[in-house]
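Trainee: I have a structure to go through and some questions about how its parts are arranged. Could we take them in turn?
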Amino acid sequence: MKDPAPPAPDAAEKWEVQLRRGSLELAILAALWDGRLYGLEILRHLESNSDLIVVEGTAYPLLTRLRSLGLVESEWVESESGHPRKYYRLTPAGRQRALEMARIWARFSGSMTQLLTPLSKEVNNKNEAGRRIGTP
Amino acid sequence: MTSSADSQKTTDAYLAALRRQLRELTDEDANDIVEEIRAHILDKTSGDTPSETVKATLAALGSPEELASRYRTEELLKRAQIARSPAFILRSLFRWATLSVLGLIVFLVSVVGYCLGAGLFILGALKLISPNRTGVYGVFSTHTWALNFQSGGQNSGHDLLGWWLVPIGLLLGAVLLVLTFRFGLWSIRKFWRPRAWQEA
């Protein structure tokens with residue numbers, strides 16, 4: 001008799017992955033708000049300033065897309081480490097998009113927080129679960 | 001073989017595989033991607049790092065096939081976004097026009113621009129074929145002031161441009177067509193946010 005198949009990933013975890021993926025574009029635009037960064041700097045910035053776990057293989061193609069859409073621009077810059085690095089910076093359209101997305105995010109998360117108030121006591125008792133809900 | 005040489009070999013093999021997988025893209029785009037990924041690997045593995053670190057870095061990027069597939073998807077979306085075809089632009093504008101007022105305005109301006117441009121261009125060409133029956137005729141009287149752009153039929157009024165209609169019509173028509181196309185393209189890039197790529 002065969003071993004039972006491994007359990008499918010928890011539905012809540014799948015939802016969390018979708019949530020993180022959907023937030024990544026705004027997170028990258030926000031990371032570039034104060035100036036230019038190269039790919040790895042953006043990833044490190046996101047890791048140190050947020051709960052986002054960014055898959056590197058996803059972030060670089062996304063940066064390419066953002067550039068294609070005219071939201072960021074890039075330039076190769078020689079570095080002291082001996083190899084050039086590709087730096088990204090926001091274009092005016094990118095700044096405008098970031099602001100619009102941030103506004104939508106604030107409105108959305110505010111209304112969600114309000115909606116989740118009845119759950120908050122129980123959620124706070126479970127730190128792990130609390131991180132998943134992601135109250136701002 | 002030293003650990004460093006081993007790591008170098010692993011990295012080169014990964015990047016070569018990635019480059020092969022990106023052959024559908026232009027050389028410029030593919031090389032740019034490969035160089036960026038190379039810089040990323042070098043930044044994460046600076047110095048004499050153990051080969052395990054290199055392998056972990058490559059694993060985090062995904063296999064060359066997976067990574068290339070993500071880039072190819074982005075490239076397809078990019079092409080759809082900036083396809084250099086007036087028909088595509090007009091179709092996109094039409095769809096946009098059904099969704100928002102701004103889209104409708106851009107669509108109407110584009111239609112007028114294309115019609116005017118094409119009209120002038122055709123008029124310039126027709127002047128060559130049928131010079132006596134084609135022209136811009138001015139009709140001026142106390143109560144009427146009109147410019148008739150026409151070819152064929154009964155012409156009336158004074159032919160204002162004569163043979164100048166050929167270069168002016170062709171040039172102005174072509175410029176207007178190009179400008180209209182660029183206006184549509186610029187508007188789509190700047191203002192239109194189709195959901196398809198955001199959800200991909």
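Trainee: Over how many bridges do β1(A) and β3(A) pair?

Mentor: This is a predicted model. In it, β1(A) and β3(A) run in the antiparallel sense. One residue to look at is L37(A), which stands opposite Y88(A) of β3(A). The pairing of β1(A) with β3(A) extends over two bridges.

Trainee: Which strands stand at the edges of the sheet in chain A?

Mentor: The open sheet has three strands, ordered β1-β3-β2, with antiparallel pairing. Each edge strand has a single partner strand, so one of its sides has no neighbour in the sheet. The edge strands of chain A are β1 (37-38) and β2 (72-77).

Trainee: How is α1(A) oriented relative to α2(A), roughly perpendicular or roughly parallel?

Mentor: Helix α1 (residues 11-31) of chain A packs on α2(A) with the axes 10 Å apart and at an angle of about 105 degrees. Angles of 65 to 115 degrees count as roughly perpendicular. Therefore α1(A) is, relative to α2(A), roughly perpendicular.

Trainee: How many nonpolar residues does the contact of α1(A) with α2(A) have?

Mentor: From α1(A) come A27(A), I28(A) and A31(A), and from α2(A) come I42(A), H45(A) and L46(A). One residue of this contact is polar and none is charged. The nonpolar residues number five.

Trainee: Which element gives the largest share of the side of chain A that touches chain B?

Mentor: In this contact, 18 residues of chain A meet 21 residues of chain B. Elements of chain A giving two or more residues are α2 (39-49), α3 (56-68) and β3 (85-90). The largest share is eight residues, and it comes from α3(A).

How values were computed
Residues are numbered from 1 along each chain as its sequence is written. Chains are lettered from A and ligands numbered from 1 in the order in which they are written. This is a predicted model: local features need pLDDT of at least 70, side-chain atom pairs count only at pLDDT 80 or more; totals for chains, interfaces and linings use all residues. Two residues are in contact if their C-beta atoms, placed from the backbone, lie within 7 Å. Helices (H or I, at least four residues) and strands (E, at least two) are DSSP runs, numbered from the N terminus. Two strands pair if DSSP finds at least two bridges between them. Axes are lines fitted to C-alpha atoms, for helices over the stretch in contact, and angles run from 0 to 180 degrees between N-to-C directions. Angles under 35 degrees count as roughly parallel, over 145 as roughly antiparallel, 65 to 115 as roughly perpendicular and the rest as oblique. Ala, Val, Leu, Ile, Met, Phe, Trp, Tyr, Cys and Pro count as nonpolar, Asp, Glu, Lys and Arg as charged, and the others, Gly among them, as polar.
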